[in-house]
Amino acid sequence: MERTQYAGLIDESYEGQQVTLFGWVQKRRDLGKLIFIDLRDREGIVQLVFSAANSETALAVAEQMRSEYVIKISGLVKARSAKEVNPDMATGKVEVEVSGAEILNKSKVPPFDISDGVEAAEDLKLKYRYLDLRRPEMQHNLILRSKITQAVHSYFDENGFIDVETPDLTKSTPEGARDYLVPSRIYPGHFYALPQSPQLFKQLLMGAGFDRYYQIARCFRDEDLRGDRQPEFTQIDMETSFMSQHDIMDMTEGLIARVMKNTRNLTVDLPFSRITWQESMDRFGTDQPDLRFGMELIDLSEQLKDSPFKVFSGAIADGGQVKAIVVPGGADHYSRKQLDGMTDYIKRFGAKGLAWVKVTEDAFNGPVAKFLNDQFAALTTATAAKTGDLILFVADRRKVVADSLGYLRVTIAKELGLIDPDKFAFVWVIDWPLFEYDEGDQRWVPAHHPFTMPNEGDEHFLDEGENPYEAHAQSYDIILNGLELGGGSIRIHTRELQEKMLSALGFTPQRAKAQFGFLLDALDYGFPPHGGLAIGLDRFARLLAEADNIREVIAFPKNSKATEPMTAAPSEVTTQQLTELHLAVRQPRDEN
């Protein structure tokens with residue numbers, strides 16, 4: 001059953017050759033004594049020609065073929081006539097005149113078309129994922145993902161990194177997202193946790209002397225799903241010793257450049273831009289800035305602190321700010337009704353309202369124009385607004401202003417087609433706060449994780465009597481097109497500083513020892529300065545494939561409800577299994 005080549009790779013270089021091909025029937029066109037079949041495999045499609053003149057036996061077999069039948073054929077590759085050339089196919093200049101054919105397996109009628117752009121319910125496609133994966137775009141996505149991992153392995157191998165596997169059954173440290181727990185049969189009432197990352201193990205590898213580690217690591221988090229999240233995911237994980245954060249960033253840029261070249265044949269300009277967290281928040285209203293377009297946030301607090309419009313001057317007097325974005329050509333594009341819709345939407349960020357004016361040649365038009373026309377020249381100069389532009393203002397607390405205008409900036413850019421979809425804009429965000437306040441839990445949490453080293457000179461903020469929440473971190477996130485691609489930090493490598501960090505997070509010495517005693521003990525034995533980074537492989541693949549959802553670059557993902565329709569996971573287990581694990585299931589209480 002030796003195959004000559006993949007069907008999708010049969011081009012004019014094979015003209016005049018006898019070939020043997022395998023694949024699936026994509027389409028069949030029966031013209032009586034002439035049958036055309038599109039043969040599909042993972043590399044693409046080639047046209048087969050069955051005719052009585054060439055082989056009546058093969059033609060008889062072709063008459064029985066239907067969509068998704070698995071077939072084997074042999075035949076002669078011939079050039080198509082000029083008028084029959086299909087420029088949209090890699091194999092469009094040739095066809096195969098079939099002399100021998102065999103049906104290897106039949107197929108039921110699929111529940112949806114095996115073609116790109118098929119409109120079918122997501123759960124239906126996931127239930128028949130093995131059929132969905134036959135579609136060319138899905139096969140392209142998984143092949144691209146494989147090329148990413150190939151590039152990762154070759155780059156790290158060439159740079160002296162060692163591929164080390166870390167455990168998938170480990171200790172629960174419930175400080176971040178919820179852990180997936182695995183009950184122990186041997187130790188009743190005890191549980192393993194599936195790793196949310198290899199963080200502590202890769203740090204311990206640095207203490208063990210493996211100064212350059214990497215791994216394509218599987219990770220698990222029991223959290224609510226979004227388009228860019230799955231309960232199980234994969235990250236490109238690395239850790240190094242004796243390297244500064246800028247050394248690690250340079251190394252990562254080399255990795256990304258290798259991946260871009262090997263997967264998309266694109267050359268990226270190095271080094272990437274590097275901006276501080278504060279600059280990112282000031283200019284873009286987010287710590288994940290999209291640099292493919294302008295429309296940056298403009299601080300007008302100085303110009304408007306004495307404004308007769310009390311919404312502006314009052315917000316500034318209360319310690320807030322007034323910022324704006326300029327929408328190019330937006331005066332004619334957006335109606336009052338649409339702007340009211342924007343106003344309603346940003347209320348979810350805590351905004352009390354959205355002020356706007358449209359720019360004419362010598363004045364503003366709009367609900368608040370009468371308060372601002374006296375400053376027309378100053379405001380148009382500060383914002384560089386031109387006739388026909390739309391200026392959107394938000395006056396409030398700094399976080400509310402940032403969240404509101406950051407959202408509007410990206411949303412409007414998408415609506416107006418200001419974003420080049422073929423552009424890849426990388427940027428580093430550095431100098432993060434060491435801590436951030438979690439509004440939901442009403443407490444301070446580490447901006448990255450509790451093992452992050454403060455900036456040089458900021459260590460004293462962790463001393464007793466100081467304010468630890470003023471400290472900044474030696475941490476760095478790599479952003480691509482407005483999405484966090486990955487992030488990392490220099491780690492704490494002394495016990496004293498690590499204990500101070502845990503104390504600042506509210507850990508008692510007893511609790512710190514119970515959860516992280518093994519790490520604290522290890523730090524007593526000559527740990528080197530070290531740091532690392534992790535890149536989300538699923539998200540990277542999604543961006544390179546230009547897919548809308550990471551499920552499109554994962555072979556067997558969960559749906560938005562964290563279930564897997566094909567195997568019906570998660571599922572109930574038998575009473576015997578529960579008994580062996582010393583578990584009993586209690587049904588949720590019906591609140592009604």
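1. Let me start with F242, which counts as exposed at 62% relative accessibility (exposed means over 50% relative accessible area, buried under 20%, and partly exposed in between, with a 1.4 Å probe and protein chains only). F242 is not a glycine, yet its phi is positive, near 60°. The residue is found in the loop between strand 10 (232–241) and helix 6; helices (H or I, at least four residues) and strands (E, at least two) are DSSP runs, numbered from the N terminus.

2. A word on the ground rules before going on. This is a predicted model, in which local features need pLDDT of at least 70 and side-chain atom pairs count only at pLDDT 80 or more, while totals for chains, interfaces and linings use all residues. Residues are numbered from 1 along each chain as its sequence is written, and side-chain values use heavy atoms, with hydrogens and water left out.

3. E546 also deserves a look at its backbone: its phi is positive, about 55°, although E546 is not a glycine. E546 is found in the loop between helix 17 and helix 18 and is partly exposed, with a relative accessible area of 42%.

4. That loop brings us to the cis peptide bonds. A569 and P570 are joined by one, with omega about 0°, and P570 is found in the loop between helix 17 (537–545) and helix 18 (575–580). Another cis bond runs from L270 to P271, where omega is near -5°. P271 lies in the loop between helix 6 (245–264) and strand 11 (273–276).

5. Now for the whole chain. It has 18 helices and 22 strands, and its C-alpha atoms fill a box of roughly 90 × 75 × 60 Å, taken along the principal axes. Of the 592 residues in the chain, 47% are buried. Among contacts with a separation of 6 or more, 67% come from residues 24 or more positions apart, contact meaning heavy atoms within 4.5 Å.

6. Surface and charge come next. The chain exposes about 29600 Å², of which carbon and sulfur atoms supply 49%; accessible areas come from the Shrake-Rupley method with a 1.4 Å probe, and for residues only the protein chains shown count as cover. There are 67 positive and 90 negative charges, and their mean positions are 5 Å apart. Lys and Arg count as positive and Asp and Glu as negative, while His and the chain ends are not counted. The place of a charge is taken as NZ of Lys, CZ of Arg, CG of Asp or CD of Glu.

7. Which aromatic rings might you inspect? The structure holds 18 aromatic pairs, including the tilted pair of F156 and F161, at 4.7 Å centre to centre with 50° between the planes. Rings of Phe, Tyr and Trp (its six-membered ring) pair if their centres lie within 6.5 Å; planes under 30 degrees apart count as stacked, over 60 as edge-to-face and the rest as tilted. F156 is buried, with a relative accessible area of 2%, and F161 is buried too, at 5%. Together with Y155 and Y214, F156 and F161 form one aromatic cluster.

8. Two arginines sit over rings. The charged end of R348 is over the ring of Y345, 3.7 Å from its centre, and R511 lies over the face of F507, 4.0 Å from the ring centre. The test here is that NZ of Lys or CZ of Arg is within 6 Å of the ring centre and within 35 degrees of the ring normal.

9. Helix 16 (residues 509–522) contains Q515, which is buried with a relative accessible area of 13%. Q515 and K171 are 344 residues apart along the chain, with their C-alpha atoms separated by 8.4 Å. D521 is found in helix 16 as well and counts as partly exposed at 34% relative accessibility. Not counting residues up to four places away in sequence, D521 touches R495 and K513. From D521 to R495 it is 26 residues in sequence and 7.7 Å in space, C-alpha to C-alpha.

10. Finally, Q498 lies in helix 15 (residues 495–504) and counts as buried at 1% relative accessibility. What does Q498 contact, leaving aside its neighbours within four places in sequence? The partners are P450, F451, I492, L519, L520 and L523. P450 is 48 residues from Q498 in sequence and 8.1 Å away in space, C-alpha to C-alpha.
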